[in-house]
Amino acid sequence: MTQIFNKLSEKEKRRRLRKKTSSSVKIVWTYLRRKQILDERFLRQFSVDFYVLDFYCPRLRLAIEIDGDSHFINQEAIDYDKERQDYIENLGITFLRFTNAQVNQSNDDVINEITNKVKELQNRNPPRPSLSKREGV
């Protein structure tokens, strides 16, 4: 099977995006990093095929995007985002999208929405017990 997650060919793009990240992405990252939301691991600037996501939780297959003004400047940008989201959702990945304005004006609401989606996905995909926690081991 062809690798589509974090392709080596997209590594430089991911690095470049990490270095010039927006303040809104930085704000959300402070809440997602180090398993702060319900002990789920999120990765920053994760690629799926040739698309780079702002955040991705591999266990729950949850993608989160924070969109700046450039995403709304013309119909071409809007169509590209729709195509990108459809492609990712067709891979079975849940997609949440927020704007910079949402993060800057009410980041508590954004984090609550993310937390609620994580709870919902955890209920569908409970974690497997580790070997050390199983009875009799």
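This report walks through salt bridges and aromatic pairs in a predicted model.

Let's begin with the charged side chains: the structure holds seven salt bridges. One of them joins Asp 81 and Arg 97, whose closest N and O atoms are 3.8 Å apart. This pair links distant parts of the chain, with Asp 81 in helix α3 (residues 75-90) and Arg 97 in strand β4 (residues 94-99), 16 residues apart.

The two partners can be sorted by their accessibility. Asp 81 has a relative accessibility of 9% and therefore counts as buried, since the cut-off for that class is under 20%. Arg 97, at 27% relative accessibility, counts as partly exposed.

Helix α4 (residues 100-124) is the next stop, and here Lys 117 and Glu 120 lie three residues apart, about one turn of the helix. Lys 117 forms a salt bridge with Glu 120, with 3.4 Å between the closest N and O atoms.

Glu 120 also meets Arg 124 in a salt bridge, at 2.4 Å from N to O. These two residues are four apart in helix α4, so about one helical turn separates Glu 120 from Arg 124. Glu 120 is partly exposed, with a relative accessible area of 33%. Arg 124, at 55%, is exposed, because that class begins over 50%.

## Aromatic pairs

Now for the rings: the structure holds five aromatic pairs. Tyr 51 and Tyr 87 form a tilted pair, with 5.5 Å from centre to centre and 55° between the planes. Tyr 51 belongs to strand β2 (residues 51-57) and Tyr 87 to helix α3, so their pairing ties together parts that are 36 residues apart in sequence.

As for accessibility, Tyr 51 counts as buried at 3%, whereas Tyr 87 is partly exposed with a relative accessible area of 29%. Both tyrosines also belong to an aromatic cluster, which is formed by Phe 50, Tyr 51, Tyr 80 and Tyr 87.

## Helix α3 in both pictures

Helix α3 turns up in both kinds of contact. Asp 81 in this helix reaches Arg 97 in strand β4, while Tyr 87, also in helix α3, pairs with Tyr 51 in strand β2.

Technical notes
Residues numbered from 1 in each chain as written. Predicted model: local features only at pLDDT ≥ 70, side-chain atom pairs only at ≥ 80, totals over all residues. Heavy atoms only, no water. Salt bridge = Lys/Arg side-chain N within 4 Å of Asp/Glu carboxyl O. Buried < 20%, exposed > 50% of the residue type's maximum accessible area, 1.4 Å probe, protein only. Phe/Tyr/Trp six-rings, centres within 6.5 Å; stacked < 30°, edge-to-face > 60°.
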